[in-house]
Amino acid sequence: MRPHRALPAIALLLLAACGGHDRNAATHPSTLVMSLPADADNLLPPLTTNETASQVGALMFEKLVEPGDALNTVGDAGFRPSLADSWTWSADSLSIAFHLDPKAHWHDGVPVRANDVVYSFRVNASKDVGSPVGPLIAIVDSVTARDSLTPVFWFHARSPEQFYNAGSQIRILPAHLLQSIPDSALKTAPFGRQPVGSGPYRFARWVSGSSIELDADTTFHRGRPKVDRLIWSITPSPDAAILRLFSGEANFTEYLRPQDVAQLARHPELKAVHHPALQVFYMLLNERAANGRSPHPIFGDREVRRALTMAVDRRRAVNTVLDSLTPVAAGPFSSAFWSYDSTLPRLPYAPDSARAILDRRGWVMGPDGVRHKNGVALHFTILAPSTSTVRQQMAVLLQDMFKQVGAKVDIERVDFAAFNGRQQAHQFEAALVGMGLDPTPSGIQQEWTTQAARANGPSNAGKYESAQFDAYVDSAVRAMDPAKAKSYYHQAYATIIEDAPAIWLYESSLVSGMSTHVQPATMRADMWFVHLADWTVGDGAATSGSGSVALAASAH
Amino acid sequence: MRRLLASRLLQGIAVVWVVTTLTFVLLHLAPGDPYAFREGVPVAPEVLQHWRHVYCLDRPVSAQYVCYLRSVASGDLGYSLSQHRPVRDILIDYVPRTLELMFFGMLASFALGIALGVLEARRRGTFADWGSRGISLFFYSMPDFWLALMLALLFAYWLPIFPISGIENVIAAPTNSWWQRAGDHLRHLVLPVTTLMLMTCAGIARFQRAAMLDAMRLDFVVTARAKGVPEHAIAGHHVLRNALLPVITLAGITLPSLLGGAVLVELIFSWPGMGYITAMAVGSRDYALVTSSVLVTSVLVVLGTIAADVLYAIADPRVRAA
């Protein structure tokens, strides 16, 4: 075909594209288009490690029970039925029998049965699979099928969170489709790209790097989801993501940057929704020197750490970099935890006291405005990830606040992988860390105890050690009585706050942007998306002039 | 000709090997590894240790390199730890999209660059010459991410003519007919291709202009003019044909810079191609995927350069003879 003859054909295609969407618009059901920064990795839940895949998996695969919105993890109070409609404890509490909802079925029509639960436990515990859930279900000795609807979990020993670990850690998988595949071959199995679940949404399609689509399962055993289609549209650039929201190409974006929130005010068809997230940000102080053995000349001293904490006006820093709705963190835990106590004492913002403490500890102010002690300057480096604007801005503010008390601070920006690698190798003095938390307060044991520090692994990278803190945490984690556990947690929290192994900055409070036609259900702190089946996308008109999105439900 | 081809191929193989090896070593020397703990994902140390062992990550870099070479030699490009898929499957998904972007990007760049070069040469010293050179230099000087964002802002948000990003309308795609999907896909190509075109056409235009001016001074042009051949025929049939020869070489040189520019263009326009996936993989220290992406990219560049050399040899008998 000669070029001039091809042009009309291309023009026709373009015209068809513009017109085609408008014609399709009327026939589209309610759709939630969510802009997310990264594609999913693998949709087989035991292999899932990224956020997008977790979100898709949560809508396709069910657990036996779901924690309530209050996130209680001790005993079975507040848990909601999911695949299991009821459960029975044995007299000695060493086994729990779950009764499956007989109406539950896989999206290929096969009913969900107890052997699916048995298989799912085995796969998650398998080293060949390497599921992140594996260590969390180590307390379970075995799972058996009493009958086709009754899987029974047998435990090595009683523990306060045994119900949570058995019922809410594992997503149940279809044994009839997977059990013939060796565990070591699961990672390359086609199932990870075309999964079959039993949840409120069924898999529709996945275009690598572009989008993942789920359709509502109209026969879902707990009732039809309210939104017909969910589409995760992958948009790595945050600038493009916000433009997509403003233009109506997407009607939900998970995370708005502070500058985006300000712009959102100019779009009456959009709204910002604040919701809690289980993530705490802090400036971690490495208590060991570069050789890894001797104490750090600055942060090895508990009093100096406390003084530096008191030099920081955390409320002002958070208000400046984020907003006044973001809570200042009390410690390495979330205010959404059942163990949280709002009466916990905190180190105050008191720069004069900070200066006095530093004077007492022998840090003498030099003519250059920097304190010195035994020839060592009060001079350290904050490591910050170059990918996080918020943390870089926070580093600059902290630098200025430390200067007021005579500390000289440098800021080192590195890419995210290097940032994580440096922490893991303990090659840092101070680091601006964001720590994702388990929904259970017992996660503090894995992250902050002496055992974690001495394991030389990724946890407790600042090498904080306190026998008192360890004892309180051990007692809290073992207490069967929630009231006693809360009391122990209170004392553990108070201890770590007083010891100041980090300067606790803020708890993550996500701000999502969405069309005013989208009515979210409760956005749970650990997984905002867990109730997506209960969201609604109301009637909204609107057609983009470009015809790029032209349907009632998805455009604002 | 065969000797030329064989020599270029051998050089190409050496270049690909050096580039891939350097990438492998530098990536492994950088802090972090695919299982450096990730914020927000609490993973038990024993699980990390298990996976590090499975993928040779607990061995010295030299042993990992041997592991890698062995697996590549057997046709296995490895397993991507960030995507949880065999690298081969990922490349099958992503390489064609980059090739598509490159094809249309080069086509548009050369079409516009050659046209501007001809215009500038024929209107040498006039306002059109200065204006065209100034404008193309302006776009050439722009940072690629800024140019891409401005185009998105202008033509997708303020003037909503084209989609902001992606490769298709995710809402309508499942119900669209194939021709609607093809048209929709073309619309999604417009802004990324325009960005690539504006980034590279200035260089081509300058090259083309200089080649045209050189050719215009040659004897056969003077003869044609003396014989009364019209100016447009001289420019089209005599000057342009000769001035196009050096531009063939430029095609081989432009490909790497286009591929480099494509990284940011793909990220900003959410175009899931090689640049996009490689940038993601570097961030998560996905050794297998980064090394294989570099391998494929360097092979593409080498093949592009060889194709340019061969085309040049075909077009110019003097090169063949040499």
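Hi everyone, let's start with the core: the largest nonpolar core here has 150 residues, and L32(A), V56(A), L59(A) and A152(B) have the most contacts inside it. By nonpolar core I mean buried Ala, Val, Leu, Ile, Met, Phe, Trp, Tyr and Cys residues joined through C-beta atoms within 7 Å; buried means 20 or more other C-beta atoms within 10 Å of a residue's own, with C-beta atoms placed from the backbone. A second, separate core of 79 residues includes W363(A) and F380(A).

This is a predicted model, where local features need pLDDT of at least 70, side-chain atom pairs count only at pLDDT 80 or more, and totals for chains, interfaces and linings use all residues. Residues are numbered from 1 along each chain as its sequence is written, while chains are lettered from A and ligands numbered from 1 in the order in which they are written.

How confident is the predictor? Its pLDDT, a confidence for each residue from 0 to 100, averages 88 over chain A, with 92% of the residues at least 70. Residues 15-27 of chain A stay under 50, and residues 541-556 of chain A are also below 50. Where pLDDT is low, the predicted coordinates should not be read in detail.

Now the sheet. Chain A has an open, antiparallel sheet of four strands, ordered 4-5-7-6; strands are DSSP runs of E, at least two residues, numbered from the N terminus, and two of them pair if DSSP finds at least two bridges between them. Strand 4 (84-89) and strand 6 (140-147) of chain A each have a single partner strand, so one side of each lacks a neighbour in the sheet. Five bridges join strand 4 of chain A to strand 5 of chain A. Thanks, everyone!

Note on methods. pLDDT is the predictor's confidence in each residue, from 0 to 100. Two residues are in contact if their C-beta atoms, placed from the backbone, lie within 7 Å. A residue is buried if 20 or more other C-beta atoms lie within 10 Å of its own, exposed if 12 or fewer, and partly exposed in between; C-beta atoms are placed from the backbone.
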